[in-house]
Amino acid sequence: TAPGTYIPSGPRGTSRVSLNTTTYNQNDFHWTGTLLGLQHNAVAGFSFLSETFELVTSNSQRTTAGVAPTYPTMSIVNPDHVYRGPLNYFVTNNQDGSRNTQAVYLFDDVKLAEQFSLNVGIRYDHNEGKNTTNTFTPPATTGVPGPIFRNEDDLLSYRAAIVYKPVEETSFYFAYSNSQNPAQTAVNGACTADTCNTAPEKGSNYEIGAKWAPWDKLLLTAALFRNERTNYRVPSNDPILPAQVLNGASHVDGIAISAQGTIMEGWDVFMNYAYLSSKVDQAVSNFCLANPTASTCTGPLAGTANNQPIAGNPLSQTPDHAFSVWSTYRILPQLNVGYGITYQGNFYLNNGAAPLFQTGSFLTNRLMVAYDFTEKLSLQMNVNNLFDENYFIRIRNNGWATPGDARNVTFTAFYRF
């Protein structure tokens, strides 16, 4: 096009209508008693989850023959935002999915001695799901059925923690837990031909921490932790293996600190801080590491001295620093005010070969004022994003982003019967 002009492109006139249904049932059974000379506080239970998903994608900027119009050339400085072309509604695809999960679990807090206790838990899940997409080519009104992708996995997770409580106000603990992530974790088509038949991804979490209650209404906590993903999915690039193999690995080391409770009469505070240091340990298949000159591997390994273009990079969408503070103070018996801030640090948008791109950090403020007119009636005002900070809560590496909430004010009336 001529300098200073452009031709509109992209998915214009597209609409998406989705319908989700979720049915969930959970049953817990509690028992406290003595077994084998030890005091137990146990919870056993089972649960059922059933989800369905339907997504209808359509486009209305079409001719009667179902053809997308040609958009006019526009000025960058003064574009014409009004669409004046044909309007005809056509469905372009229809996606259906389902997921069902059954689980049984047992958790127990065992008092080993006056100052020691053991927390253990085990959970078994049976997860199965399927999804398919019917494709429509306008002006056809009958879709072409796509393949049905299915996944079924049995998942076993467990955790254990040893707790040492030298005095009533202080406790220390060390905990370990594992996790398993099936190929289909969501009902909206998260499983494809390349991933449906891969085994569950596995992870491990190690944590050491302390809790201290200097007085009755204040609790301080601190923890160091490490989360390891030991086998996430990567392209195999091996002609004789499935398209995806579980050779990827990464880890996150972190610190979490919190304080919550009453500082003094009428003054309450809630504070959380987290620091995350993330790293990709392996991002290509074992086959490519062993055969860097294979024709299927030269592309993924191109331009790297260690044959791993992503290894050593931080994880995407993982900010280093994040904290929030919320404090309330009762100025008068009837008047309570609160103020808080939320901060999220920079994080990387992409995780491939250089260059890597970061999003900016953001800080938002919020305010609350509440007044009790009577014992039963009170009015509360909340102002979120007080200074109307412009920020994004989710950013994709293709330029799409979800903005955070603009400044908004909410008035709420409470009446207690």
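Predicted model: local features only at pLDDT ≥ 70, side-chain atom pairs only at ≥ 80, totals over all residues.
Guide: Local features need pLDDT of at least 70 and side-chain atom pairs 80 or more, while totals for chains, interfaces and linings use all residues. Residues are numbered from 1 along each chain as its sequence is written, and side-chain values use heavy atoms, leaving out hydrogens and water.

Visitor: Why is the protein called more spread out than a compact globule?

Guide: One helix and 19 strands make up its elements (DSSP runs: H or I of at least four residues, E of at least two, numbered from the N terminus). The radius of gyration is 27 Å, well over the 22 Å of the globule rule for 417 residues, so the protein is more spread out. That radius is taken over C-alpha atoms, and the rule is 2.2 Å times the number of residues to the power 0.38. The C-alpha atoms fill a box of roughly 75 × 60 × 45 Å along the principal axes.

Visitor: Why is Tyr-206 called partly exposed?

Guide: Its relative accessible area is 32%. Buried means under 20%, exposed over 50%, and partly exposed lies in between (1.4 Å probe, protein chains only). Tyr-206 is therefore partly exposed. Tyr-206 sits in strand S9.

Visitor: Which strands each supply at least two residues of the nonpolar patch?

Guide: Strands S7 (149-167), S8 (170-181), S9 (201-215) and S11 (244-264) do. The patch includes Phe-172, Tyr-206 and Ile-257.

Visitor: How much of the protein counts as buried?

Guide: Of the 417 residues, 31% do.

Notes. Patch = residues over 30% accessible without salt bridge, like charges linked within 9 Å, V, L, I, M, F, W, Y side chains within 5 Å. Areas by Shrake-Rupley, 256 points an atom, 1.4 Å probe, with all protein chains shown as cover. Salt bridge = Lys/Arg side-chain N within 4 Å of Asp/Glu carboxyl O.
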